[in-house]
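Please look over the sequence and the model below. The paragraphs that follow lead through the fold, starting from a single helix.

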Amino acid sequence: MFLIAPLRSGSKGNASLIETAHTRILIDCGGIASEDIWENRLRIHPETLDAILVTHCHRDHLDDDGIDLANDYGIPLYIHRSTCAAAERRLEAMEKLPTRLIHHFGERGFKIGDLRITPFRLSHQGPWNAKIGKCFGFAIKSRVGSRNYCLGYLTDAGTLSEANMEALVGCHCLVLESNHDVRMERDSDRNPRHISWILSRDGHLSNDKAAEAVRYILDNQSEPLLRDVILVHLSKDCNTQAKALRAVSKATAESRGRKPRIYCAEQYDRLRFIRIDRG
Ligand SMILES: [Zn+2]
Ligand SMILES: [Zn+2]
């Protein structure tokens, strides 16, 4: 088996649980420290997590409570060196985290249990040029039976390079930021500087750019692999699920081949597990 469950998605926290028969990890740990999630809803113990893999150092992805969770249950934190340095400056809980729990990853592939993880750099920073280190997406592979399956994981990117999209071409399931509708963002009463950051290369991915990425993947897969697209990090003020779904569905309708199922993750997701190794 190879499963993903989005647990949190949006500006108040981001985290997903990834599971195979042998390995259980979290990607990001923003807003998931509550015992209610682990004891009552997931019914798994945090001690059984093999790792927390960190995309970048914004508090909605890595916060003090998440680091305390790693510390309390001895969960290794997989984090890029630059992200780790930023976390040490920004988050008090990092001081208490023993170095034996910190695993720096570089820009090459690495393994956690039976997951083979290839990181790739994303264009995302600031706002206000805050130093957060580098931001990463991941292509995560696991072998189930005689086949390899791939999960593409990409959240928080102002824009996507062709190399980013190439890294995702082989995926069966895609977690993809679809943050805002450009018009809603431009017309919002947010601070104008904040709006320019969101819309910049360092900001967040619009519905239209998410749609472009899905279209690229569908058009470039040599066989139809992509079955599920989970749209994440939707803005509460400047997007709606209907707009995000409409933009991405339009792109899949225009592409040739099989159409993937498209979902939107909720800020406080209802913990559905999506099977990556089906079919
Ligand atoms: Zn961010
Ligand atoms: Zn974020």
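Helices (H or I, at least four residues) and strands (E, at least two) are DSSP runs, numbered from the N terminus. The expected span of a helix is 1.5 Å times one less than its number of residues. This is a predicted model, in which local features need pLDDT of at least 70 and side-chain atom pairs count only at pLDDT 80 or more, while totals for chains, interfaces and linings use all residues. Residues are numbered from 1 along each chain as its sequence is written, and chains are lettered from A and ligands numbered from 1 in the order in which they are written.

Helix 8 (residues 241-254) has 14 residues and should span 20 Å at 1.5 Å a residue; its end C-alpha atoms are 20 Å apart, which agrees. A residue counts as buried if 20 or more other C-beta atoms lie within 10 Å of its own, exposed if 12 or fewer, and partly exposed in between, with C-beta atoms placed from the backbone. In helix 8, Ala244, Ala247, Val248, Ala251 and Thr252 are buried. They cover an arc of only 130° around the axis (the arc of the directions from the helix axis to the C-beta atoms), which puts them on the same side of helix 8. Ala242, Ala253 and Glu254, on the other side of helix 8, are exposed.

What lies over the buried residues of helix 8? The cover includes helix 7 (207-220), strand 12 (228-232) and strand 13 (261-264). Two residues are in contact if their C-beta atoms, placed from the backbone, lie within 7 Å. Leaving aside neighbours within four places in sequence, Val248 is in contact with Ser178, Ala210, Ala211, Val214, Val229, Leu231 and Ile262.

A nonpolar core is a set of buried Ala, Val, Leu, Ile, Met, Phe, Trp, Tyr and Cys residues joined through C-beta atoms within 7 Å. The largest such core has 75 residues, of which Ile52, Leu231 and Val248 touch the most other members. Helix 7 supplies the largest share of this core, six residues. In soluble globular proteins, nonpolar side chains tend to be buried together.

Strand 12 is mostly covered, with four of its five residues buried. Two strands pair if DSSP finds at least two bridges between them. Strand 12 pairs in the parallel sense with strand 11 (residues 173-177) over five bridges, and Leu174 stands opposite Val229 in strand 12. Four bridges join strand 12 to strand 13, again parallel, and in strand 13 the bridge partner of Val229 is Ile262. The chain crosses from strand 12 through helix 8 to strand 13, and this β-α-β crossover is right-handed: with the strands pointing away from the viewer, the path from the first strand over the helix to the second runs clockwise.

Elsewhere, an open sheet of seven strands has the order 6-5-4-3-2-1-14, with mixed pairing. Strand 6 and strand 14 (274-275) stand at its edges, each with a single partner strand, so one side of each is left without a neighbour in the sheet. Strand 5 (residues 77-80) and strand 6 (residues 102-105) run parallel and are joined by four bridges; Ile79 stands opposite His104 in strand 6. Strand 5, helix 3 (residues 81-90) and strand 6 make a right-handed β-α-β unit. Strand 2 (residues 15-20) and strand 3 (residues 24-27) pair in the antiparallel sense over four bridges.
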